[in-house]
Amino acid sequence: MSFDDGFNCPNCGAELSCKLRHSKMVACEYCESTVLLEDETVRKVGKSGVMAEEPSLFVLGREIIHKDESFLPVGQARFGYANGWWDEFWAIGGDGQGVWVSVDEGEIAIERPYPITVTFNPDALTVGSSVILKDERFRITEADTATCKALRGEFPEPIRIGQTYRYWHLSGERARIVTLEYSDGEFQASEGVWVDPYLIRSSNVAA
Amino acid sequence: MTETQNQRLAAINCTNCGSALPALAGHRAKALVCSYCGSVMDRHDDYKVLARYRNMERPYGPFTLGMRGEVLGVPHTIVGIVGVAARIWGEDYPWTNYQLYSPTHGYSWLTWNDGHLTHSRKTREMPNLVPNSQFVPKSTFGAAGRTFKMFEQYNARINYIEGELTWVPKLGDQTRVMEAIDPPYGYAVAMGENETEFEMSSYLDQQATLASFGVEDSWTKPFGIHAIQPFEPGALHTGLSRAAMMFVPITAAISLGLLVLGGGKTIAQGQIDNPAAGGSLAFPVTATNRLVSIKIKTNVSNSWAWYDMSLTHEESDETIAEFDGGVEYYYGRDSDGSWTEGSNEAVFRFKPPAKGAYRIAVEGIEKGSDNRPMSIVVREKVMLVRYMVGMFILSLVLAASMWFREKQFEAKRWGEDGSDDDD
């Protein structure tokens, strides 16, 4: 079996809609299973959960444009946190590279993976405190714990329903943002910019 | 409008007084202020009552909670109301901020100020030069791809709160605000006690926005000039001014051409030594499609000379005109200095009805005239430049009127028109 041959869901046998060669995980549209793609094999790893329809500028498979850059959302993960929920879209940019787009009631950030070697004491990362990463100063503007609630589409890494992690938004100058995630004793980071939703061109503006 | 939004519409009972309150905002709204008892509740902590403000007076404005309409092409719902006033030179200037919510675009503000409507939203596009406490009017800085001019600074004080808001407000809270403009856009730096926020704003069409929210068109029309109101002259003035701008060079070129070429050709000149005794001068006319000018000159000095004249086409012996005319010239000196009045010259023009010989004749002079020798110069193929110069001046005035009007508009915007009158 190969990417070009296509994959079938190991749970229900339906063809998996997988657009990207480097996707590592895809949610089956039919039986709500999440399937891990491992080289030439597929393995069911969990359920995709129920994704309630909400108005959004971002819809899977529909291109959006921000400042002449286009993005095609191919995966949608919904996370719950203390006061609500937000969507994390895995989208492919015009340059073919993947980006994470977090969307929380008009608070939108577009981020790319950001390799970091430093480690932190999670309990010392409090809202309002400063963090220096690669000579760039940031202020922590949000800190909370998130839990994955639902998945749709495909992703560059395995995500499972119920997975919980702590996160911090680090805001810098000129709309810069770095998101730190802490789960299973490891930090991961992504970096990017906050985006003005009024500058996004989407067929779903009037959603 | 999606089904999901409709489903989200709900009410919640005030945890203090029990009144039903609309729950219209999303999860990021932190506070709910009761429209009836003024209790401020924490939406993120089981609507726990944090404070209570009695007898607040709802500010003047056309919107109420729950109204829906489009702003910048995006559907929004009014979820909160905040009354604000700025004290400038001892006087309060009030306005009303309406908290807008859109599930796709988040939270922003619709502001009603003297009938003007603006929309503002938080931006993370900070200025390339962070304005400091040294406010310098008209100094510039760049932000969000635009160049803004510092406009004004003031302390804004909250005097009314209602509905769902993105922060927990306190009545009387003050924020130091510095506003900069690039009409129809604005940029504000709001410095609170613990946080500095940056906002982008844009000027809205009042009537279109009111109509979109279903508000009757009976509200105050915008008065005065808003800080970010764009200069928008009427279509008629704009059209006339643009046309005039095209006519200015055309009429200038034609006027110049007429000045050089429109003087015509001298066809006769002579002198009548004793006008009282009469005299005449004949001249041949070769073109009938242009004017003929007859210039008389008499060197009167602090006196006048007035003649009875006739013009005859000799070949048909037809009298073309009988007329009187003359010159007067005075000069002197008074407390204001030297002065002169009148001229030694007078010009008469006519369009010849036929080619051939004509004769201008002096039949006599008015009683009291200065009877000095009179010289006559006759030119044909004369073109008048004054009408084209008039067109040029009219075009120039019309074209310049737009510039003057905009200057006047800007002077009012900046309070530099020397008047306190807002109209």
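Analyst: A polar contact is a pair of N or O atoms within 3.5 Å, where, within protein, one atom must be able to donate a hydrogen and the other to accept it. In this predicted model, that rule finds 17 residue pairs in polar contact across the interface of chain A and chain B, with both residues at pLDDT 80 or more. On the chain A side, strand E8 (84-93) and strand E12 (136-155) each supply at least two residues that touch chain B. By class, that side has 11 nonpolar, 6 polar and 10 charged residues.

User: How many residues does the contact take from chain A and from chain B, and what area is buried between them?

Analyst: The contact takes 27 residues from chain A and 27 residues from chain B. The buried area between the two chains is about 2,400 Å², and carbon and sulfur atoms give 50% of that area.

User: What makes Glu107(A) and Arg28(B) a salt bridge?

Analyst: The closest N and O atoms of Glu107(A) and Arg28(B) are 3.9 Å apart, and the cut-off for a salt bridge is 4 Å between a side-chain nitrogen of Lys or Arg and a carboxyl oxygen of Asp or Glu, so the pair qualifies. Across the interface of chain A and chain B, the rule finds 5 salt bridges. Both Glu107(A) and Arg28(B) also belong to a network of salt bridges that links them with Asp104(A), Glu142(A) and Arg124(B).

User: Why is Lys48(B) called partly exposed, and how is Asp45(B) classed?

Analyst: Lys48(B) has a relative accessible area of 46%, and since partly exposed covers what lies between under 20% (buried) and over 50% (exposed), Lys48(B) is therefore partly exposed. Asp45(B), at 34% relative accessibility, counts as partly exposed by that rule. These two residues form a salt bridge in which the closest N and O atoms are 3.9 Å apart.

User: How do you know that Glu416(B) and Lys138(B) form a salt bridge, and where in the chain do they lie?

Analyst: Their closest N and O atoms are 3.0 Å apart, which is within the 4 Å cut-off, so the pair counts as a salt bridge. The pair links distant parts of the chain, 278 residues apart, with Glu416(B) in the segment after helix H4 (386-413) of chain B and Lys138(B) in the loop between strand E10 (116-122) and strand E11 (140-143) of chain B. Glu416(B), with a relative accessible area of 48%, is partly exposed, and Lys138(B), at 35%, is also partly exposed.

Note on methods. Residues numbered from 1 in each chain as written. Chains lettered and ligands numbered in written order. Predicted model: local features only at pLDDT ≥ 70, side-chain atom pairs only at ≥ 80, totals over all residues. Heavy atoms only, no water. Contact = heavy atoms within 4.5 Å. Buried area = accessible area lost by both parts, 1.4 Å probe. Polar contact = N/O pair within 3.5 Å; in protein donor to acceptor, adjacent residues only side chain to side chain. Helix = DSSP H or I, 4+ residues; strand = E, 2+ residues; numbered from the N terminus. Nonpolar A, V, L, I, M, F, W, Y, C, P; charged D, E, K, R; others polar. Buried < 20%, exposed > 50% of the residue type's maximum accessible area, 1.4 Å probe, protein only.
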